[in-house]
Amino acid sequence: MAAADELAFHEFEEATNLLAQTPDAATTSRSEPLTPQGHVAVAVDSGGSYGAEDEVEESDKTALLQEEKQQPGFWTFSYYQSFFDVDTSQASTLAQPCPQVLDRIRGSLLPRPGHNFVRHHLRNRPDLYGPFWICATLAFVLAISGNLTLVLAQRRDPSIHYSPQFHKVTVAGVTIYCYAWLVPLALWGFLRWRKGVRERVGPYTFLETVCIYGYSLFVFIPTVVLWLIPVPWLQWLFGALALALSAAGLVFTLWPVVREDTRLAAAVLLSVVVLLHALLALGCKFYFFQPLPPVHAAPPPQATSLPPSVLLPSTAPRPAST
């Protein structure tokens with residue numbers, strides 16, 4: 001039988017000290033069968049340690065909600081900055097500065113049936129970085145190549161008068177950027193309207209449409225440089241090849257969207273898309289690569305000779321009559 005001292009309540013010094021330090025602490029007493037004797041468990045509440053994991057999760061959720069609420073507005077620069085955020089993490093050399101943009105350029109240069117540019121290259125992440133610089137490069141290359149064409153023509157024929165035409169830079173920039181923005185806007189609006197008529201017609205977003213048109217213009221950059229070769233039939237061959245590649249990329253990309261529409265609407269839409277693309281290529285060819293007409297100097301005045309049968313009046317003085 002246990003002694004009376006063993007059955008008496010004993011205060012543990014460690015628990016007493018903890019309670020003295022934290023008077024608001026809660027004490028729980030439990031006895032486990034595996035332990036030789038009961039022990040006192042002291043739960044110290046420091047005010048912020050209880051449920052720390054739950055509080056961390058709640059704070060993370062709150063931070064995410066705040067980030068979603070603090071998205072930049074449509075009129076701010078930060079809103080458009082996200083569209084120029086392209087993947088450059090794999091760039092290791094100067095020859096490969098931006099793999100994501102280069103992959104999309106390759107996709108626009110090699111169109112093939114069944115290979116959707118939006119699904120295989122954009123992957124729901126359209127960017128404005130590539131279209132912006134492609135349009136800017138094409139505008140400057142057009143203006144510079146057009147001036148170089150006149151310089152080369154003057155060397156072959158000195159009668160051709162050449163003066164630098166800086167206004168071509170403005171004309172090229174306005175033309176290219178208006179085409180790359182206004183035509184996709186009209187196409188996107190038309191497809192949105194057709195979606196209301198035909199429910200199965202699912203258009204791309206406006207940024208995806210702009211991205212499609214922007215990358216489709218890249219093939220004209222090397223073509224414009226090749227137009228410096230002064231061989232007319234070779235220039236037309238390069239232009240036709242570039243137009244075929246660019247228009248085929250647009251048709252193959254837009255076909256999955258318009259094939260659910262009526263045959264007439266799909267045929268008219270794709271025909272208009274190809275026609276506008278052809279008009280852009282022909283306009284650039286005729287405006288920027290036509291030499292100025294030669295400026296001929298006025299011929300010097302020449303003395304006119306009269307036929308021998310015409311007798312000139314005599315100017316000799318008559319003798320005075322007596």
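What follows is a walk through the fold, the aromatic contacts, the cysteines and the surface of this chain.

The model is a predicted one. Its chain holds 12 helices and two strands. Going along the sequence, the order is α-α-β-β-α-α-α-α-α-α-α-α-α-α, with the two strands sitting between the opening pair of helices and the run of helices that follows. Of the 322 residues in the chain, 30% are buried.

Y179 belongs to helix α8 (residues 167-197) and Y213 to helix α9 (residues 206-216), so the contact ties together parts of the chain that are 34 residues apart in sequence. Both Y179 and Y213 are buried. Elsewhere, F132, W133 and Y177 are linked by ring pairs into a cluster.

Rings also meet charges here. The charged end of K168 sits over the ring of Y287, at 6.0 Å from the ring centre. In another such contact, K285 lies over the face of W236, with 5.1 Å to the centre of the ring.

As for the cysteines, a search of the whole structure turns up zero disulfides. C178 is partly exposed, its relative accessible area being 36%. C284, on the other hand, is buried, with a relative accessible area of 10%, which puts C284 under the 20% cut-off for buried residues.

On the surface, a nonpolar patch is made up of L264, V268, V272, L275, L276 and L279.

P113 is placed in the stretch between α5 (99-109) and α6 (117-122). This proline is exposed, with a relative accessible area of 65%, and the cut-off for that word is over 50%. Which distance in space goes with the 138 residues that separate P113 and V251 in sequence? From C-alpha to C-alpha, P113 and V251 are 9.3 Å apart.

Definitions and conventions
Residues are numbered from 1 along each chain as its sequence is written. This is a predicted model: local features need pLDDT of at least 70, side-chain atom pairs count only at pLDDT 80 or more; totals for chains, interfaces and linings use all residues. Side-chain values use heavy atoms; hydrogens and water are left out. Patches are made of residues with over 30% relative accessible area and no salt bridge: like charges are joined within 9 Å, nonpolar side chains (Val, Leu, Ile, Met, Phe, Trp, Tyr) within 5 Å. Accessible areas come from the Shrake-Rupley method with a 1.4 Å probe; for residues, only the protein chains shown count as cover. A salt bridge is a side-chain nitrogen of Lys or Arg within 4 Å of a carboxyl oxygen of Asp or Glu. Helices (H or I, at least four residues) and strands (E, at least two) are DSSP runs, numbered from the N terminus. Buried means under 20% relative accessible area, exposed over 50%, partly exposed in between (1.4 Å probe, protein chains only). Rings of Phe, Tyr and Trp (its six-membered ring) pair if their centres lie within 6.5 Å; planes under 30 degrees apart count as stacked, over 60 as edge-to-face and the rest as tilted. A charge sits over a ring if NZ of Lys or CZ of Arg is within 6 Å of the ring centre and within 35 degrees of the ring normal. A disulfide is a pair of cysteine sulfur atoms within 2.5 Å.
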